[in-house]
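Take a moment with the model below.

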Amino acid sequence: MSNTYERVVELMYGNEDYMLMERDPNRLVKLIVSLCFTTLLSISVAFNFDYLQFLDSIFTTAIQGSAPTPGLEHFYSVITFLASPKMDIFWVFIIAFFLWGFKYKVPALWALGTIVGGDVIGAVVKQLVRRHRPPLHLGVDNGYSFPSGHVLGFFLVAGVLWIIVLPLIERASIRVVMKVLLVIVLALVMLSRVYLNAHYPTDTVGACLVGYSWLLVAEMLYASYAPQVARYRFVVHTKI
């Protein structure tokens, strides 16, 4: 009788012993280190330190080259469109739709909350740092520059795929290929924002640091509260 009851609970609420994100004490250490680097870079950007200007100048020149290439500019324009904040919301809705359909309802909600929360945090950091865009940037790229919203959003989409979707793929070789592709696309998004003169290189690095810090917090929240959320009626039969 006891085994039958436990099986029913597992089917209804998911099994806490097999959560996609378990509690991990190392996350707190990683978060502290990430926040330290994020804070250091944010302060350096806010006060416009000379060494940061020097690094941005070197990497911007290396990425943009001596003269713009029409073909490369078009390629990077496509990349930056696909990684735009609006498209990031679209991608995560697609991910959440399929997760919900396969009974991973709590992970689906977590994916949506992670993207929305990251966008809010990115907007707050922009207002705190108030870094202006590079000279001669396009009019469509308005608002403050640090951190890059495109890079932050795609970093979080890639993080959701990395943390939730890829572990569900049985074949290890496919998981490896997908991880490599995610890293390559993220690098292309970072390069595109600098090449198109929308951001400084440190804006893209800062976006990754902000995104990584928020992902760690989101993972900690999931590990702590997913079993409780799974007991709500509207996510009944969920896996966690």
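**Helix packing and a surface patch**

α5 crosses α6 in a left-handed way: the near helix is turned anticlockwise from the far one by less than a right angle, while clockwise would be right-handed. Helices here are DSSP runs of H or I, at least four residues, numbered from the N terminus. This is a predicted model, where local features need pLDDT of at least 70, side-chain atom pairs count only at pLDDT 80 or more, and totals for chains, interfaces and linings use all residues. Residues are numbered from 1 along each chain as its sequence is written, and side-chain values use heavy atoms, without hydrogens and water.

How do α5 and α6 pack? Their angle is about 165 degrees, and their axes lie 7 Å apart. Therefore α5 is roughly antiparallel to α6 (an angle over 145 degrees). Axes are lines fitted to C-alpha atoms over the stretch in contact, and angles run from 0 to 180 degrees between N-to-C directions.

Now look at α2 (26–46) and α9 (201–229). They pack at about 150 degrees, with axes 9 Å apart. So α2 is roughly antiparallel to α9. Their crossing is left-handed.

Next, the surface. Phe102 sits in the loop between α5 and α6 (105–129). Phe102 counts as exposed because its relative accessibility is 56%, and exposed means over 50% with a 1.4 Å probe, protein chains only. Phe102 belongs to a nonpolar patch that also includes Trp91 and Ile94. Together, the patch residues have about 900 Å² of accessible area. The largest share, five residues, comes from α5.

Note on methods: Patch = residues over 30% accessible without salt bridge, like charges linked within 9 Å, V, L, I, M, F, W, Y side chains within 5 Å. Areas by Shrake-Rupley, 256 points an atom, 1.4 Å probe, with all protein chains shown as cover. Salt bridge = Lys/Arg side-chain N within 4 Å of Asp/Glu carboxyl O. Helix = DSSP H or I, 4+ residues; strand = E, 2+ residues; numbered from the N terminus. Buried < 20%, exposed > 50% of the residue type's maximum accessible area, 1.4 Å probe, protein only. Parallel < 35°, antiparallel > 145°, perpendicular 65-115°, else oblique.
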